[in-house]
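Subject: Structure handover

Hello,

Here is the structure I promised. Please load it first, then read my notes below.

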Amino acid sequence: CQIAIDGASLMSASDALWLMVEHGLKHFHWTDHLDRHMTAAMDAATTSLRQLVLAAQDLIFELLSNKIDGLLESLAFINFVPETMPDGPHESVEAIVEFLKITLLWLAHLPPSVRDAVHFTCCTRVAQGILNYILSPQVTKINMLCILAFDFDLKMLVNFSDNCGVPHLKQCFEEFHEMVRCLLHPNLTHYADNQELRQEHFPYTQTSKLVMVLEKMNPTSIFVSSGTSRVPVLDKNALKTLLKKLKAQI
């Protein structure tokens, strides 16, 4: 990050540097045969600096992406079939958000376009990484209480994105957010019946992915208490009917 900033600063100052050198050479009458060579030398220096800046910026994307991938490996420790109501986000997601908060602060002096691109890349990688993990064969079972915990995760992620100062950054979490909202909707069975209505309210939710999650879903009829009002009750028969309707729409 510092190399990218320093290189960009030197590149922007190259014109001023050339004027200073040119003024000094003219003072000593040394420019008669050096103009062509100095211009070529300064052009070559500017090109080298530009290449250095681009390489450093590419390295920022690569290093952050690799670090996020490493942090996402901790999703393996999540209990996807909890038996108690969650009271906050998963520790794995909290660690990712803390990493992003600290790391992205160091990007403040990068060009705005690069800084924003890094933010979008990181947030998209986090959102897609979590959703892809849920859909992967590594997760064989999941229940609505876990989905509710992911709702807490999303609130933390969206709150982070809103405080970054990067317009529309929270859109990176839209697909994941809509998937969770759809699954937790009290009228989920109604939306399963009406594909157009579902697409109107949850345009980013793909039916195929919804089916993949529901195929792993454990029945939740055993969770009956005043604290579970936000968790839709889907017993075995309800899940079977729901999946049949949704699969017919793929």
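**What was found**

Of the 250 residues of the protein chain, 42% count as buried. Please keep in mind that this is a predicted model.

**Overall fold**

The protein chain has ten helices and zero strands. Along the sequence, the pattern reads α-α-α-α-α-α-α-α-α-α. Take the contacts between residues at least 6 apart in sequence: 78% of them join residues at least 24 apart. The accessible surface of the chain is about 14300 Å². Carbon and sulfur atoms account for 57% of that surface.

**Confidence**

The mean pLDDT of the chain is 82. A pLDDT of 70 or more is reached by 73% of the residues. Residues 3–10 fall below 50, and this stretch has 13 contacts in the model beyond near neighbours in sequence. Residues 221–226 also stay under 50. For residues 221–226, the model has eight contacts beyond four places in sequence. Where pLDDT is low, the predicted coordinates should not be read in detail.

**Helix α9**

Helix α9 covers residues 207–214 and is mostly covered, with six of its eight residues buried. Which ones are buried in α9? They are Thr207, Lys209, Leu210, Val211, Val213 and Leu214. Note that a lysine, Lys209, is in that list. What do the buried residues of α9 pack against? Their partners are α4 (112–135), α5 (144–162), α6 (174–184), α8 (195–201) and α10 (236–247).

Thr205 lies in the loop between α8 and α9. Thr205 has a relative accessible area of 7%, so the residue counts as buried. Leaving out residues up to four places away in sequence, Thr205 touches Glu178, Met179 and Leu210. Leu210 is one of the buried residues of α9.

**Pocket**

The largest pocket has a volume of about 200 Å³. Its lining is made up of these residues:

- Leu100, Lys101, Leu104, Leu105 and Ala108
- Arg115 and His119
- Asn159, Phe160, Asn163 and Cys164

Which element gives the most to the lining of the largest pocket? That is α3, with three residues.

**Cavity**

The count comes to one cavity of 30 Å³ or more. The largest cavity has a volume of about 50 Å³. Its lining residues are Leu131, Ile134, Ile147, Phe150, Phe176, Met179, Val180, Leu183 and Val213. Elements that give two or more residues here are α4, α5 and α6. The most comes from α6, with four residues.

**Cysteines**

How many disulfides does the structure hold? It holds zero. Cys123 is in no disulfide, and the nearest cysteine sulfur, that of Cys172, is 5.1 Å away. A disulfide would need the two sulfur atoms within 2.5 Å. Is Cys123 buried or exposed? Its relative accessible area is 0%, so Cys123 is buried. Cys182 is buried too, at 0% relative accessibility.

**Two single residues**

His168 sits in the loop between α5 and α6. Phi of His168 is near 65°, a positive value in a residue other than glycine. His168 counts as exposed because its relative accessibility is 57%, and the cut-off for exposed is over 50%.

Thr189 is found in helix α7, residues 188–193. Thr189 has a relative accessible area of 39%, so it is partly exposed. Thr189 and Leu234 are 45 residues apart along the chain. Their C-alpha atoms are separated by 9.4 Å.

Best regards

Definitions and conventions. Residues are numbered from 1 along each chain as its sequence is written. This is a predicted model: local features need pLDDT of at least 70, side-chain atom pairs count only at pLDDT 80 or more; totals for chains, interfaces and linings use all residues. Side-chain values use heavy atoms; hydrogens and water are left out. Buried means under 20% relative accessible area, exposed over 50%, partly exposed in between (1.4 Å probe, protein chains only). Contact means heavy atoms within 4.5 Å. Accessible areas come from the Shrake-Rupley method with a 1.4 Å probe; for residues, only the protein chains shown count as cover. pLDDT is the predictor's confidence in each residue, from 0 to 100. On a 1 Å grid over the protein atoms alone, a cavity is a set of points where a 1.4 Å probe fits but cannot get out, and a pocket is an open set with protein on both sides within 12 Å along at least five of seven lines; lining residues have an atom within 4 Å of a point. Grid points are joined across faces, edges and corners, and a volume is the space filled by probe spheres set on the points.
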